[in-house]
Amino acid sequence: MTGTHNRLPGRRTALKLAGGFAAFSALFPAACMAAEAKDRNGKVLVAYFSATGTTARVAKKLAEGLGADLFEIRPEKPYSPQDLDWHDKQSRSSVEMHDPKSRPAIAAKVGNMGQYGTVFVGFPIWWHRSPAIISTFLESYDFSGRTIVPFATSGGSGLGKTESIFKELCPKAAVRRGRVLNASPDKAEIVEWAKSVLR
Ligand SMILES: Cc1cc2nc3c(=O)[nH]c(=O)nc-3n(C[C@H](O)[C@H](O)[C@H](O)COP(=O)(O)O)c2cc1C
């Protein structure tokens with residue numbers, strides 16, 4: 001892979017961007033608030049993949065706040081720190097993310113996915129998009145007629161190509177606009193966003 005590696009944000013840039021997100025949230029606190037979350041089709045599931053715990057924290061707050069079920073998308077083979085080294089072109093994550101057909105195996109499936117009308121899918125941004133294991137997850141179920149909402153944490157990047165990936169892999173689902181939830185948003189802020197999406 002070429003120069004793209006170098007475009008991954010450094011820690012300082014990520015902190016600045018995270019600060020920018022917080023400032024934006026402070027300026028427009030009520031812009032997207034909904035009165036009540038509506039779950040028209042069934043129960044709500046929050047499914048997430050998290051390699052280093054950041055997305056997991058957001059996912060837990062989201063599930064608690066919505067009273068939703070929580071499911072961790074666990075890789076069959078956990079990612080080691082070496083696997084996550086994006087500076088190394090040969091690391092597992094680099095190799096997976098540069099192969100569009102890569103589908104890392106998931107350790108367990110959601111029991112009775114059919115009961116969920118809405119599925120929030122959380123992940124870290126890898127290489128400006130959702131990790132390959134999220135593609136594995138999306139291809140593992142029939143999401144026809146369901147609502148899918150992506151959310152992510154990142155070092156500063158937005159969702160990038162994620163929305164188009166979701167729409168391509170789940171053509172019969174209603175894929176809603178997702179959001180990067182950086183800067184450790186509190187539960188109330190996360191839930192307000194989630195409710196606005198479900199409105
Ligand atoms: C392999 C890899 C690639 C990454 N690519 C990006 C990226 O393109 N843009 C970005 O802002 N952050 C990137 N990051 C940083 C993660 O998105 C960020 O640290 C995230 O919050 C980690 O979430 P987690 O703790 O749930 O795994 C990358 C991290 C890894 C390990």
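**Exercise 1. Find which residues of helix α6 are buried, and what they pack against.**

Solution. Start with the burial list: in this predicted model, the buried residues of α6 are I190, V191, E192, W193, A194 and L198. Next, look at the neighbours of these buried residues: they pack against α2, β3 (116–124) and β6 (179–180).

**Exercise 2. Check whether the length of α6 (residues 187–198) fits its number of residues.**

Solution. Count first: α6 has twelve residues.

**Exercise 3. Do the length check for α2, then describe its buried residues and what follows the helix.**

Solution. Begin with length: the 13 residues of α2 should span 18 Å at 1.5 Å a residue, and its end C-alpha atoms are 19 Å apart, which agrees. Now the burial: T55, V58, A59, K61, L62, A63 and L66 are the buried residues of α2. The partners come next: the buried residues of α2 pack against β1 (43–48), β2 (69–72), β3, β4 and α6. Finally, just after α2, G67 takes a positive phi of about 65°.

**Exercise 4. Work out how strand β4 (residues 147–153) is covered and which strands pair with it.**

Solution. Take the covering first: seven of the seven residues of β4 are buried. In a regular strand the side chains alternate between the two faces of the sheet. Sorting by face, T147, V149, F151 and T153 lie on one side, with I148, P150 and A152 on the other, and all are buried.

Now go through the partners:
- β3 runs parallel to β4, joined by seven bridges, and F123 has A152 as its bridge partner in β4. The chain crosses from β3 through helix α4 (residues 132–139) to β4, a right-handed β-α-β crossover.
- β5 (residues 174–175) is joined to β4 by two bridges and runs parallel; here I148 stands opposite V175.
- β6 pairs with β4 in the parallel sense over two bridges, with A152 opposite V180.

**Exercise 5. Describe the shell around the ligand.**

Solution. Of the 22 residues around the ligand, T54, T55, P124, G155 and S157 come nearest. Sorted by type, the shell has ten nonpolar, twelve polar and no charged residues. By element, helix α2 (residues 54–66) gives the most, with three residues.

Methods
Residues are numbered from 1 along each chain as its sequence is written. This is a predicted model: local features need pLDDT of at least 70, side-chain atom pairs count only at pLDDT 80 or more; totals for chains, interfaces and linings use all residues. A residue is near a molecule or strand if its C-beta atom, placed from the backbone, lies within 6 Å of it. Helices (H or I, at least four residues) and strands (E, at least two) are DSSP runs, numbered from the N terminus. Ala, Val, Leu, Ile, Met, Phe, Trp, Tyr, Cys and Pro count as nonpolar, Asp, Glu, Lys and Arg as charged, and the others, Gly among them, as polar. The expected span of a helix is 1.5 Å times one less than its number of residues. A residue is buried if 20 or more other C-beta atoms lie within 10 Å of its own, exposed if 12 or fewer, and partly exposed in between; C-beta atoms are placed from the backbone. Two residues are in contact if their C-beta atoms, placed from the backbone, lie within 7 Å. Two strands pair if DSSP finds at least two bridges between them. A crossover is right-handed if, with the strands pointing away from the viewer, the path from the first strand over the helix to the second runs clockwise.
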